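This report describes one protein chain, from its overall make-up down to single residues. Please look at the sequence and the structure first.

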Amino acid sequence: MKKTLFSKRPIATDLSILILRLVFGIGMITHGWPKFQKAISGNFKFGDPIGLGPEISLILAVFAEFICSILVVIGLGTRLATIPLITTMSVVFFIVHADDGFGTKEKSFLFLGAFIVLFLTGPGKYSIDDKL
């Protein structure tokens, strides 16, 4: 057991990636779902952090936080799906919460880190991508 815990070789890389995809993908879906409901109800009042207009900003946030998160969870087009998520979390961390303390922007920082890791590792063998 001691040899396994202190080994430089991974214990269960694909299982770890699956857990990362599920935890952060489902976590992000919980942020995207209210925005999705807002958009389908026709309420496009939303922030405009990069000057695209509130409607476009909401649509892009819904696409990243809801649609792309679902793709990450199921492991379909995972690397491509993480690009909008990385972009969105970068905007939230570096622009939307730029003047806030770290405690306020910590969540976006953690999501950003997880999605960068998933971009670099890919979805692992427990994914639709691996089956295609």
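## Basis and surface

Accessible areas come from the Shrake-Rupley method with a 1.4 Å probe, and for residues only the protein chains shown count as cover. On that basis the accessible surface of the protein chain is about 8100 Å², and 69% of this belongs to carbon and sulfur atoms.

This is a predicted model, in which local features need pLDDT of at least 70 and side-chain atom pairs count only at pLDDT 80 or more, while totals for chains, interfaces and linings use all residues. Residues are numbered from 1 along each chain as its sequence is written, and side-chain values use heavy atoms, with hydrogens and water left out.

## Overall make-up

The protein chain has 6 helices and 0 strands, in the order α-α-α-α-α-α along the sequence. Helices (H or I, at least four residues) and strands (E, at least two) are DSSP runs, numbered from the N terminus. The C-alpha trace spans about 55 × 40 × 20 Å along its principal axes.

Of the 132 residues, 33% count as buried; buried means under 20% relative accessible area, exposed over 50%, and partly exposed in between, with a 1.4 Å probe and protein chains only. Contact means heavy atoms within 4.5 Å. Among contacts between residues at least 6 apart in sequence, 62% join residues at least 24 apart.

The chain carries 13 positive and 9 negative side chains, and the centres of the two sets lie 13 Å apart. Lys and Arg count as positive and Asp and Glu as negative, with His and the chain ends not counted. Each charge is placed at NZ of Lys, CZ of Arg, CG of Asp or CD of Glu.

## Helix α2

α2 has 28 residues and reaches 38 Å from its first C-alpha to its last, close to the 40 Å expected at 1.5 Å a residue. The expected span is 1.5 Å times one less than the number of residues. A kink of about 30 degrees lies at H31, shortly before the proline P34; the bend at a residue is the angle between axes fitted to the seven residues ending there and the seven starting there.

The buried residues of α2 include I17, L18, R21, G25 and M28. Their cover includes α3, α4 and α5. After α2 comes G42, with a positive phi near 90 degrees.

## Helix α3

α3 covers residues 54-74, 21 residues in total, and reaches 29 Å between its first and last C-alpha, close to the expected 30 Å. A bend of about 30 degrees falls at C68, and C68 is also among the buried residues of α3, together with L58 and V72. The buried residues of this helix pack against α2 (13-40), α4 (78-96) and α5 (102-121). G75 follows α3 and has a positive phi, near 75 degrees.

## Three residues

N43 lies in the loop between α2 and α3. It counts as partly exposed because its relative accessibility is 32%. Not counting residues up to four places away in sequence, N43 touches K38 and L58. N43 and D129 are 86 residues apart in sequence and 35 Å apart in space, C-alpha to C-alpha.

T78 is in helix α4 and is buried, at 0% relative accessibility. Leaving aside neighbours within four places in sequence, T78 is in contact with R21, L71, V72, P123 and D129. T82 is also in α4 and is likewise buried, at 0% relative accessibility. Beyond four places in sequence, T82 touches V72, F115, L118 and F119.
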